[in-house]
Amino acid sequence: MVRKNVWDLLASKKLDCYEEANSLYFLVNKKNTFDYGNSLADELDYNFLYLEHRQSFVTLNAMLHYLGLDTTIYDSDLDKLDLLMETLLLLTEDLYNFIIKTNTSQINNALTISREIRDNINNILSLSNQMLLNTSKDKKLNKNIIVPKDELATTAAEISLPDDANIALSILGYSHYSNKNDLINKRLILNQLANYIEPKLNKHDPSDSNIGFALNNLQIRHNNDNQLNINDKVLNNIYDLLYREILRFITNDSHSTFTKTIKDLRQKN
């Protein structure tokens, strides 16, 4: 058997959520990261009340407990790992902004640990085929969430960007909820997309008609007696299909899968 060299072994590394969470916690708790032997966790804890996005939490532990991150190292799956990464990006940026204003001697320390954490996060994103999306309308604010890499969604977002930057963000942002049971946020985004594509829909085209039917009868745009009575599990799956169909409409791609789904719904109701 041919021996695998170091490059082969590194290239074959698979994502291990427990291992990656453990590595991030190691960086957060590494001593001598800041002056006086402090770790990033020490600095965050000591300066927590000055962090911009702490909301009403008064301790770091309280915030982490609320987010369910105080036990992440024991039960990490990809969703929990993504939340940990989003939280670290938020907290490290808040800490850096605070240090810039109050203690410039610590700037290099803050930059170093931020870079180390960002390097690990970038590696995790590569292994999990995900990417960072800044959902802030203000370009000066980094409001990062982690979403799956999706060529169709990226293409649709690029097409819609000249018309409406918020729609482009919504297209990419839906990926964060895709395959999750979050009907409320899915409805909000689908309603935004509906308002964007409605003027472009051709009512005489069967594929476009199916999109309009779904938007108007699946509890997205209207709240009336005409809405189809569908259980949440089925509705959740149809929303994901509808989202993909809207992307295909924007990019002029195939409609066949969605057409069959809506045809079946119409026949049953």
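The structure is a predicted model, in which local features need pLDDT of at least 70 and side-chain atom pairs count only at pLDDT 80 or more, while totals for chains, interfaces and linings use all residues. Residues are numbered from 1 along each chain as its sequence is written, and side-chain values use heavy atoms, with hydrogens and water left out.

**Overall build**

- The protein chain has 12 helices and 2 strands, where helices (H or I, at least four residues) and strands (E, at least two) are DSSP runs numbered from the N terminus.
- From the N terminus on, the order of the elements is α-α-α-α-α-α-β-β-α-α-α-α-α-α.
- Along the principal axes, the C-alpha atoms fill a box of roughly 70 × 60 × 35 Å.
- Of the 269 residues in the protein chain, 41% are buried; buried means under 20% relative accessible area, exposed over 50%, and partly exposed in between (1.4 Å probe, protein chains only).
- The accessible surface is about 15,800 Å², and 50% of it belongs to carbon and sulfur atoms; accessible areas come from the Shrake-Rupley method with a 1.4 Å probe, and for residues only the protein chains shown count as cover.
- Among contacts (heavy atoms within 4.5 Å) between residues at least 6 apart in sequence, 57% join residues at least 24 apart.

**The largest pocket**

- On a 1 Å grid over the protein atoms alone, a pocket is an open set of points with protein on both sides within 12 Å along at least five of seven lines, a cavity is a set of points where a 1.4 Å probe fits but cannot get out, and lining residues have an atom within 4 Å of a point.
- The volume of the largest pocket is about 1,500 Å³; grid points are joined across faces, edges and corners, and a volume is the space filled by probe spheres set on the points.
- Its lining consists of 46 residues, and Glu86, Thr135, Ile145, His176 and Tyr177 lie nearest the centre of the pocket.
- Elements that each supply at least two lining residues include α4 (60–67), β2 (144–148) and α8 (165–177), while α5 gives the most, with 10 residues.
- The lining divides into 19 nonpolar, 16 polar and 11 charged residues; Ala, Val, Leu, Ile, Met, Phe, Trp, Tyr, Cys and Pro count as nonpolar, Asp, Glu, Lys and Arg as charged, and the others, Gly among them, as polar.

**The largest cavity**

- A search of the whole structure finds 1 cavity of 30 Å³ or more, and the largest cavity has a volume of about 30 Å³.
- Residues lining the largest cavity include Leu40, Thr92, Tyr96 and Ser114.
- The largest share of this lining, 4 residues, comes from α5.
- By class, the lining has 6 nonpolar, 2 polar and no charged residues.

**Helix α4**

- Leu60, Met63 and Leu64 are the buried residues of α4.
- Seen down the axis of α4, these buried residues fall within an arc of 95°, so they line one face of the helix; the arc is that of the directions from the helix axis to the C-beta atoms.
- The buried residues of α4 pack against α3 (40–46) and α5, whereas Asn61, His65 and Tyr66 are exposed on the other side.
- Glycine 68, with a positive phi near 75°, follows α4.

**Loop residues with positive phi**

- Tyrosine 36, in the loop between α2 (17–29) and α3, has a positive phi near 65° and is exposed, with a relative accessible area of 81%.
- Glutamine 55, in the loop between α3 and α4, has a positive phi near 55° and is exposed, with a relative accessible area of 67%.
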